[in-house]
Amino acid sequence: MKNDKMKSQYRVNEQIRVREVRIVGDEGSTVVPTRDALNMAREQGVDLVEISPNANPPVCRLIDYSKFLYQQKKRQKEMKAKQVKVEVKEIRFGPQTDEHDYQFKLKHAKEFLEEGNKVRAYVFFRGRSILFKEQGEVLLLRFANDLEEVGKVESMPSLEGKKMFIYLAPKKAGTQKKSQQARDREAAELEAKEVAKQQKEAEAAEKPANGGLFANAKISADALKKLTEEE
């Protein structure tokens, strides 16, 4: 299903009905009639794949279509692998947590926040310990204060049943997981930038190098003048 969606994003071979296209490759780019581009693809045993339909003329590549789709899928997979998934880590306290246990959990919470994860800390009240809910609130506020360098409070302590929660988010947030649509858009933008770069280089190569000729002529004239003065 996913491959079918990717296939529908590109026009291939006879689906490309414009008058001419720009062919890009490792050696640069060139503008040719679409008929000639199709013939080139047949001779090389590959496909004519339109990668930038909005360019003028549209930009295409001569490549096996299955290989092209594989490259696109691989690129999206690499982008996804570089993304950091934000998770919510839980820290549990008792209403009368001792100092050693508190410091141990504080250390872990700091590591979670530095990694870009969120922290949900809570105090669990058993039986009659609910009478000490004020102690739990003080504990959670101290916890948030001790983490203020790496975390920020998203919600103040609140009692839900037998648990009192506080939520902390990292000050330097990790890269959140992006949607498939966002990843596809980023891949298309990278492809468009590369195409624009190649198109610009191709247009520059087609312009006559008059500036270079004039510069060389000026240097030669200056050298001849200097030689005449010396004589």
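Here are some questions and answers on how this chain is put together.

This is a predicted model, with local features needing pLDDT of at least 70, side-chain atom pairs counting only at pLDDT 80 or more, and totals for chains, interfaces and linings using all residues. Residues are numbered from 1 along each chain as its sequence is written, and side-chain values use heavy atoms, with hydrogens and water left out.

Q: How many helices and strands are there in the chain?
A: Helices here are DSSP runs of H or I with at least four residues, strands are runs of E with at least two, and both are numbered from the N terminus. On that count the chain has 7 helices and 8 strands.

Q: What share of the residues of the chain count as buried?
A: Buried means under 20% relative accessible area, exposed means over 50%, and partly exposed is in between (1.4 Å probe, protein chains only). Of the 231 residues, the buried share is 33%.

Q: Which residues does leucine 147 touch, not counting residues up to four places away in sequence?
A: Contact means heavy atoms within 4.5 Å. With sequence neighbours up to four places away set aside, its partners are Leu106, Ala109, Lys110, Leu113 and Leu168.

Q: Which strands are the edge strands of the open sheet of 4 strands?
A: Two strands pair if DSSP finds at least two bridges between them. The sheet runs in the order S5-S6-S8-S7, with mixed pairing. Pairing on one side only is what marks the edges, S5 and strand S7 (151-160).

Q: What angle does the direction of H4 make with that of S5?
A: Axes are lines fitted to C-alpha atoms, for helices over the stretch in contact, and angles run from 0 to 180 degrees between N-to-C directions. H4 packs on the sheet, touching S5, S6, S7 and S8. Its direction and that of S5 make about 170°.

Q: How many residues are in the hairpin link that joins S1 to S2?
A: Strand S1 (residues 20-25) and strand S2 (residues 28-33) run antiparallel, joined by 6 bridges. Glycine 25 stands opposite glycine 28 in S2. The hairpin passes from S1 to S2 through 2 residues.

Q: Why do the buried residues of H2 line one face of the helix?
A: In helix H2 (residues 34-44), the buried residues are Thr34, Ala37, Leu38 and Ala41. What covers them includes S1, S2, strand S3 (47-52) and strand S4 (59-63), while Arg35, Arg42 and Glu43 are exposed on the other side. Taking the directions from the helix axis to the C-beta atoms, the buried residues line one face because, seen down the axis of H2, they fall within an arc of 100°.
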